[in-house]
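Here is a short briefing to read alongside the model in your viewer.

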Amino acid sequence: MARGDGELELTVGVRGAGGGGAAAAADAPPQMSLGRLILAGMVAGGVQYGWALQLSLLTPYVQIGQTLGLSHALTSFMWLCGPIAGLVVQPCVGLYSDRCTSRWGRRRPFIAVGCLLICFAVVVVGFSSDIGRALGDTKEDCSVYHGPRWHAAIVYVLGFWLLDFSNNTVQGPARALMADLSGRHGPSAANSIFCSWMALGNILGYSSGSTNDWHKWFPFLRTKACCEACANLKGAFLVAVLFMTLALIVTLIFAKEVPYKGNQNLPTKANGQVEAEATGPLAVFKGFKNLPPGMPSVLLVTGLTWLSWFPFILYDTDWMGREIYHGDPKGTDAQVKAFDQGVRIGAFGLLLNSVVLGFSSFLIEPMCRKLGPRIVWVSSNFLVCFAMAATALISYWSLKDYHGYVQDAVTANKDIKAVCLVLFAFLGVPLAILYSVPFAVTAQLAATKGGGQGLCTGVLNISIVIPQVIIALGAGPWDALFGKGNIPAFGVASGFALIGGIVGLFLLPKISKRQFRAVSVGGH
């Protein structure tokens, strides 16, 4: 409807399997101030804190002989749990949250349950060595025994899977909640706020990950089953639980939702009979027919974009430990120490990345209004293409004594390390675009063309998790063919970024610059 200031306000409903005839089934939430909207999105920072620790520490952690000692190739398979969970969980949670009739609102119940599961999962992961020892693993001190710890490994993997499952439970409803509450501020502003909270969570998480003193500050965390690396992980994760709890409480207080009345305005058949809405996991796939026009192209370009990002996301700190610092998680004490130092510097690089990401997130909406979201998105792909190619070249530069295997290199160059940190920071710009523009475009399409915010966001997640499956299955064996390093995967990532940029230039839907700014999602 037309508002008094002449701006067009759109009210979007939930039809069929995720969008349509229930436009009046829920009253629009009261208009929120910008400050209240910012506080409502705080849960994104809490989730991202734990996610940052997971990305920066867990891949190197499981390869160290004093912890689990998994091989580099097997480490990539460990990440399969995330996309498998996300492929099912986020679309289903998005669909159910579109229709949830709880008096607490549509999104907050799922956010609360998911956050509590995240807190439990990070405790399980952090204490997996101690739990494994209680279940029958070796009683020798971890500083002496470097063999397998199968019980700890099983507990760790179960906790890791639960953590990914829980993250996927929260992400979709949290983004949909921001779109629901954006009101006159619009979905682009809501996504910028969400992105900013993610940046803050990254900064705090990577700061914790780059700190190697948790075992000194809290010496009780170190046990016979848990040496320094494990104790540092425990400390960082326990702080993550505290921050997550605070963020959840703030979001639940400030994100006031209007309960959804699911029994009103159901769609009708041609003969006038009420058509019951489909339920269950199959309803998600039925909901694909109700996706707004333009979404298939968004899904394709999103998939190609994430194919270019996942090799770096999964192996960035491992890359610093191996190719730049020339360490070996299963080598001599000196090599293990070098690997751990590289991982910590990599986490510091991710901290710089998050700072740049946070500042860049405030520039995304103005850039989209001036250039259009399609140009901004495509430009980020070309930046990633350049960065991933540079990453591979820096690796070869660092490994100038490389004779077939990464660990043959024995020298380190301070200039190369500095260049790597600059590259980490530079990647914050396209990463800010990746975290915001695809979701803002999706919210825009759902608002103007019709489609439930929860379903559209959940389906968009499918185009994120499928690339992760591909990388998780292929990156480890692919890198193993070239000496157990990370260089080949980074080279392939550069190619995917180039393809994604070219495809996006021709296929992404055209969204008017003014409409991208002015649209209001109403209460949905």
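The notes below cover the salt bridges, a pair of packed helices and a surface patch. Please keep in mind that this is a predicted model. The structure holds three salt bridges, and a nonpolar patch on the surface exposes about 960 Å² of accessible area in total.

**A salt bridge between distant parts of the chain**

- Asp130 and Lys234 join their side chains in a salt bridge, with an N to O distance of 2.5 Å.
- This pair ties together distant parts of the chain, since Asp130 sits in helix α6 and Lys234 in helix α10 (residues 228-254), 104 residues apart.
- Asp130 and Lys234 are both buried.

**Salt bridges within a helix**

- In the salt bridge between Asp318 and Arg322, the closest N and O atoms are 3.1 Å apart.
- Helix α12 (residues 295-324) holds both Asp318 and Arg322, which are four residues apart, or about one turn of the helix.
- Asp318 is buried, as is Arg322.
- Glu365 and Arg369 form a salt bridge too, with 3.3 Å between the closest N and O atoms.
- Glu365 and Arg369 belong to helix α13 and are four residues apart, about one turn of the helix.
- Glu365 counts as buried because its relative accessibility is 14%, under the 20% cut-off.
- Arg369 counts as partly exposed because its relative accessibility is 29%, which falls between the 20% and 50% cut-offs.

**Packing of α6 and α7**

- Helix α6 (residues 128-135) packs with helix α7 (residues 150-181) at an angle of about 130°, and their axes are 7 Å apart.
- That angle makes α6 oblique to α7.
- The crossing of α6 and α7 is right-handed.

**The nonpolar surface patch**

- Among the residues that form the patch are Leu300, Leu363, Met367, Leu371, Ile375 and Phe382, together with Leu498, Ile502 and Phe506.
- Helices α13 (333-371), α14 (373-398) and α18 (487-507) each contribute at least two residues to the patch.
- Helix α18 gives the largest share, five residues.
- Phe506 is located in helix α18.
- Phe506 counts as exposed because its relative accessible area is 64%, over the 50% cut-off.

Definitions and conventions
Residues are numbered from 1 along each chain as its sequence is written. This is a predicted model: local features need pLDDT of at least 70, side-chain atom pairs count only at pLDDT 80 or more; totals for chains, interfaces and linings use all residues. Side-chain values use heavy atoms; hydrogens and water are left out. Patches are made of residues with over 30% relative accessible area and no salt bridge: like charges are joined within 9 Å, nonpolar side chains (Val, Leu, Ile, Met, Phe, Trp, Tyr) within 5 Å. Accessible areas come from the Shrake-Rupley method with a 1.4 Å probe; for residues, only the protein chains shown count as cover. A salt bridge is a side-chain nitrogen of Lys or Arg within 4 Å of a carboxyl oxygen of Asp or Glu. Buried means under 20% relative accessible area, exposed over 50%, partly exposed in between (1.4 Å probe, protein chains only). Axes are lines fitted to C-alpha atoms, for helices over the stretch in contact, and angles run from 0 to 180 degrees between N-to-C directions. Angles under 35 degrees count as roughly parallel, over 145 as roughly antiparallel, 65 to 115 as roughly perpendicular and the rest as oblique. A crossing is left-handed if the near helix is turned anticlockwise from the far one by less than a right angle, and right-handed if clockwise.
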